[in-house]
Amino acid sequence: MAPKFSTLLAGLLSLAPLGTLASPVVGLSTGPKVQATSQVSAFVSNPEAKNIVPNSYIVVYNSTFGAEDINAQEASIRTAIQKRNLNKRGISGQLLSTRVRSVSMANGFRATAMESDEAMAAEIHAMDMVSYIEANQYVKAAALVAQANAPPGLVRLSHAQAGEDSYVFDDSAGEGITAYVVDTGIRTTHEEFQGRATLEFNAIEGSEDTDENGHGSHVSGTIGGATFGVAKNVKLVGVKVLGADGGGTNADVLDGLNFVESDVRQKQRSGKAVMNMSLGGGQSRAINNAIEAIAAAGVVPVVAAGNEAQDAANTSPASAPSAITVGAIDALTDARADFSNFGSVVDIYGPGVDVLSVGITSDTATDTLSGTSMASPHVAGMAAYLMALEGLDSADAVSDRMKELAGQTGATVKQNVRGTTNAIANNGNL
């Protein structure tokens with residue numbers, strides 16, 4: 001398990017003496033240098049985070065500064081990092097990366113993801129231009145162990161009650177909508193995707209431009225596969241932010257979200273795009289702010305609630321106010337899955353137990369997985385379905401319509417947790 005941030009600080013302070021940066025950074029504080037652990041811990045916005053990536057930070061800028069000023073600041077940081085991190089090791093003995101990633105979204109959200117020693121991070125934090133610095137955290141796919149011979153969850157979406165035996169849907173089936181799948185990638189050659197899937201971004205350095213884990217392909221199959229998909233005509237775009245082990249970091253996720261927002265603007269897909277994130281980690285202000293920017297760009301963000309059987313408000317992206325957060329039920333019984341996160345931030349439930357979808361061992365392979373990772377793409381697919389069918393074009397409109405349709409069924413979640421919605425996703429074909 002990754003260490004808490006507070007346990008890393010003393011060792012981090014010994015990495016290098018405080019002093020002038022290798023390259024000047026605009027607006028560095030000239031005040032007293034950091035001398036104690038308590039002072040260092042003050043500069044991150046998430047000091048109690050448990051899954052910290054050592055020496056890795058997300059710098060978020062104040063939106064009151066113009067793009068030109070922030071661009072100049074980022075350029076200075078990039079130059080400093082490339083010099084200062086050369087052949088330098090972090091607290092865990094790892095070589096510090098010289099990679100610097102920039103996030104820029106149309107609503108004014110700007111961030112830089114980088115690795116550095118504590119001294120440099122503290123000096124950057126002191127700049128007026130910086131709103132906050134967040135310690136980077138590990139994230140992972142929100143899926144559980146596969147179980148054989150399981151039924152798909154599609155049937156549950158098109159009937160008022162559990163126990164039916166057919167999937168009823170309008171044949172528009174997400175036509176004209178693009179679903180961005182922020183995950184482990186997609187096996188685009190799988191026959192389920194009928195040529196509608198592409199992998200267009202890869203944040204994982206040194207990894208193949210395909211799905212090396214299987215999670216993203218399974219999720220994509222539930223969103224838009226020919227057999228397993230909710231929206232069988234949707235275009236699927238893979239955004240790879242998790243590696244072969246199903247893990248990544250918030251810096252990788254921000255990199256992917258930056259691509260989604262930019263791609264939607266460039267290709268004029270505002271109001272015609274859904275994004276699924278079947279992943280999660282500790283609560284992150286930066287991730288939640290990026291989700292807000294994604295929604296402002298006209299994308300409907302659908303996210304997994306998480307599998308820790310805890311309040312989803314403790315995690316991100318589940319706690320993002322702009323996201324449609326999805327808990328998991330068993331499609332055969334409507335019982336809340338015992339692993340599913342809960343709480344007031346959960347907007348709706350979808351099938352997440354024993355879900356059959358795409359596998360990656362061949363172009364005809366299938367796999368069965370459980371998790372809120374599997375519930376979220378059911379709802380993302382339904383978002384695409386409703387957008388195509390009814391012309392809905394915003395996250396709020398889609399969320400409101402889903403809750404309205406769920407309320408019309410009279411169904412409720414069994415074994416639910418107090419304070420959590422009873423809404424079960426339904427496409428309106430009662």
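Phe259 counts as buried at 15% relative accessibility, where buried means under 20% relative accessible area with a 1.4 Å probe and protein chains only. The model is predicted, so local features need pLDDT of at least 70 and side-chain atom pairs count only at pLDDT 80 or more, while totals for chains, interfaces and linings use all residues. Residues are numbered from 1 along each chain as its sequence is written, and side-chain values use heavy atoms, with hydrogens and water left out.

The structure holds 2 aromatic pairs, a pair being rings of Phe, Tyr or Trp (its six-membered ring) with centres within 6.5 Å, stacked if the planes are under 30 degrees apart, edge-to-face if over 60 and tilted otherwise. Phe43 and Tyr57 form a tilted pair, at 6.0 Å centre to centre and 55 degrees between the planes. Both Phe43 and Tyr57 are buried. The pair of Phe201 and Phe259 is stacked, with 5.2 Å between centres and 15 degrees between the planes. Phe201 lies in strand β6 and Phe259 in helix α7, so this pair ties together parts that are 58 residues apart in sequence; helices (H or I, at least four residues) and strands (E, at least two) are DSSP runs numbered from the N terminus.

Notes
Buried < 20%, exposed > 50% of the residue type's maximum accessible area, 1.4 Å probe, protein only.
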